[in-house]
Amino acid sequence: MLSKVKYKFVLLTFGMVCVLALISSCSSTKFITEDNCLLKSCAINCEDQSFNTKSLESYYAQRPNSKWFSLMKLPLGIYNMSGRDSTKWINRTLRRIGEEPVVFDSVKTKKSCDNMISAMKSMGYLKANASYTVAKKNKRAIVNYEVNPGTLYFIDSVKYVIEDETLLPLLESKAIKGKMLKKGLPFSTSNLDAERKRIAQYLLNNGYYKFNKDFIHYVVDTIGKSNRVDVELHLIKYRSSNNSPETPHKHYSINNIYFRSGDGKKLPLRSRVLINNVAITSNSQFCSEDVQNTYNNFARLQAVRFTNIHFEELPDTNLLDCNIQISTRKPNSISFQPEGTNTAGDFGAAASLTYTNNNLFRGSETFSVQLRGAYEAIKGLEGYQNENYIEYNVETKLAFPRIIAPFLSDGFRKRNRMKSELLFSYNLQNRPEFHRRVLTAAWRYHWSMSKKKSSFRYDFLDINYVYMPWISATFKKEYLDDVSNRNAILRYNYEDIFILRTGLNYSFSDSKNALRSNIEVGGNLLYAISNLFGEKRNAQNQYTLFKIAYAQYVKGDFDYTRLVKIDTKNTLALHFGLGIAYPYGNSTILPFEKRYFSGGANSVRGWNVRALGPGKFKGKDGRIDFINQTGDMKLDMNMELRTFLFWKFNCAFFVDAGNIWTLKDYKDQPGGQFRFNEFYKQIAVGYGLGLRLNLDYFIMRIDFGMKAVNPAYDTRKEHFPITNPHWNDMTFHFAVGMPF
């Protein structure tokens with residue numbers, strides 16, 4: 001028999017589903033006049049099972065009303081809840097939130113059919129045809145499109161006809177040898193257009209400033225062939241207008257390069273900086289790629305707002321003057337950002353003040369200073385004098401839009417557009433249990449590959465010094481010095497430590513995929529030096545630097561996200577994340593800052609942050625579980641169905657799975673070690689709903705998570721909370737940005 005809580009939960013869930021179903025279905029034709037029909041659905045059918053009918057759905061001229069999560073037409077239902085009196089506020093609001101019913105339009109249906117025929121012909125199905133039928137019942141219309149692509153045509157032969165003989169030597173040597181049109185290729189407009197663009201781009205990169213793909217056209221012949229096409233590519237001579245005579249295409253070279261200010265004042269950038277960022281060179285042939293690279297180079301400069309490049313042709317010559325107009329930003333800016341915090345029920349506030357100078361040395365160097373303060377009221381701690389948490393942080397950053405490194409040639413620096421970054425920060429934390437100071441210094445390089453949508457970050461040197469000036473006597477007595485309650489992981493993380501690391505980060509992103517990977521190593525250089533000079537070890541058998549032990553470890557992370565578009569309103573997001581870190585040499589335990597945790601807004605959302613794992617470990621002391629519930633390995637798997645609601649609101653249903661594990665068997669974390677024959681039984685599963693507010697510049701989201709499978713359990717009810725849901729188990733997460 002169901003418990004009262006479970007019964008109420010199931011009853012409420014069932015009631016909500018019924019209400020949603022009622023809203024989405026009732027009175028769907030309320031605003032449809034007698035002579036019209038609601039467009040209920042559209043479908044594309046094809047006898048040829050190998051043909052992808054999904055590819056034609058984008059050519060609908062009229063679509064049915066959208067569905068939330070591809071299931072229910074709630075936007076239409078909300079619209080139909082409004083009354084007919086549009087002067088009333090409630091009716092106007094419901095109509096704005098909802099979606100107006102889509103009335104069947106035979107003209108648009110015919111246009112959809114024509115669009116599909118054109119699309120199939122452009123794919124190479126030259127004899128394609130399509131038709132449609134409409135079934136009307138109870139003021140609702142169902143449209144079925146029947147498409148017949150027919151035979152796919154292939155290219156049988158290709159002939160290049162270059163009417164401008166001055167281009168023959170250039171094209172025959174390079175462009176035509178790398179031709180994209182070949183025998184056996186499908187005869188599609190995309191293939192034909194790709195070859196036009198390729199030849200046009202090649203000529204634009206080799207001095208032909210006025211060339212474009214309109215000077216290339218095709219002649220095709222299908223006579224006497226079943227599904228084969230003979231193709232002739234014609235490259236015609238230059239014409240400035242339809243009435244102008246034909247002349248050979250002119251080859252241009254760059255004469256002079258001029259820099260101009262967008263506001264008429266003197267440019268605040270050094271001349272050397274301007275020259276280094278211009279890929280266009282005097283006394284060389286015009287190159288379109290150099291122009292685009294120049295745009296890209298100036299776009300990376302923080303001091304530059306926008307750039308405009310235009311060319312002037314010198315009369316009766318083949319020379320071009322290049323004019324580069326640059327508009328700059330105001331050099332100084334100040335920003336203030338307040339925050340609200342909630343850590344395991346302890347509320348607080350934070351604020352940061354940032355000063356930025358984006359042209360410090362007149363070379364677009366960005367210098368910033370950020371001051372941040374935070375306060376949190378901590379409750380539930382007994383035996384401590386102060387029950388508040390205070391944090392102060394100062395961070396200075398200096399970024400150079402170029403490589404700052406010795407032994408590099410000017411040619412290398414110009415070819416590789418990288419950013420060098422120097423960072424210093426000091427963090428002060430005062431908690432009731434301890435005081436912590438963290439000093440950080442780093443030297444980093446950033447660079448990107450725009451064509452491949454990839455970016456890199458190389459942390460050449462990253463130094464962290466963690467200093468513990470004070471630890472509460474109560475905390476030290478109960479957790480650090482008590483032999484019966486001593487925790488090795490806890491004790492290690494409240495000692496002074498020095499971390500010197502280097503790392504490489506790679507990221508890739510396009511409209512469907514996002515990939516991030518990172519590898520870092522720490523302590524190897526110091527360990528090698530200590531070994532080489534025969535340094536003495538401390539009582540814990542560790543080498544030290546300035547009498548402070550340093551960490552030695554290796555860490556790697558991999559993160560992948562895939563977006564699958566279901567329709568215009570619904571998207572499925574899939575995410576996989578894996579991280580592994582291993583301490584060795586001078587360390588037996590990873591530093592706390594390098595350990596993994598699970599739960600929270602960007603992990604398994606059925607658990608609060610740092611409340612899951614490792615493995616089947618079950619925390620028993622809430623005051624130190626945030627230390628024990630960390631690990632050396634992390635696995636995250638997420639699936640999120642995202643749907644558009646109305647205005648700027650979106651909703652998501654998610655299922656998360658994952659956990660953390662330790663690679664070593666620590667006695668203070670029983671059940672936390674990773675084992676191949678056990679780990680899959682310890683994967684936690686959570687589910688829930690999320691609400692997103694898309695404000696264009698950033699996204700605010702709220703996620704409500706519930707546990708489904710709990711690896712840390714004593715009873716079967718605890719193991720499968722999905723069958724015994726409890727409102728007290730619901731987690732609430734507020735965050736800025738998408739979870740993955």
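**Exercise 1.** Is Asp632 buried or exposed, and which residue is its salt-bridge partner?

*Solution.* Step 1: Asp632 has a relative accessible area of 0%, so Asp632 is buried (under 20% relative accessible area, with exposed being over 50% and partly exposed in between; 1.4 Å probe, protein chains only). Step 2: Asp632 forms a salt bridge with Arg595, with 3.4 Å between the closest N and O atoms; the term means a side-chain nitrogen of Lys or Arg within 4 Å of a carboxyl oxygen of Asp or Glu. Step 3: Arg595, at 5%, is buried too.

A word on the source: this is a predicted model, where local features need pLDDT of at least 70 and side-chain atom pairs count only at pLDDT 80 or more, while totals for chains, interfaces and linings use all residues. Residues are numbered from 1 along each chain as its sequence is written, and side-chain values use heavy atoms, leaving out hydrogens and water.

**Exercise 2.** Work out how Arg501 and Asp462 are paired.

*Solution.* Step 1: their closest N and O atoms, 3.4 Å apart, form a salt bridge. Step 2: Arg501 lies in strand 17 (residues 497-509) and Asp462 in strand 16, so the bridge ties together parts 39 residues apart in sequence. Step 3: both residues are buried.

**Exercise 3.** Find the side chain with which the side chain of Ser454 makes a polar contact.

*Solution.* Step 1: Ser454 is in strand 16 (residues 454-471). Step 2: its side chain makes a polar contact with that of Tyr506, at 3.0 Å; such a contact is a pair of N or O atoms within 3.5 Å, and within protein one must be able to donate a hydrogen and the other to accept it, with residues adjacent in sequence counting only if both atoms are side-chain atoms. Step 3: Ser454 counts as buried, at 7% relative accessibility.

Definitions and conventions
Helices (H or I, at least four residues) and strands (E, at least two) are DSSP runs, numbered from the N terminus.
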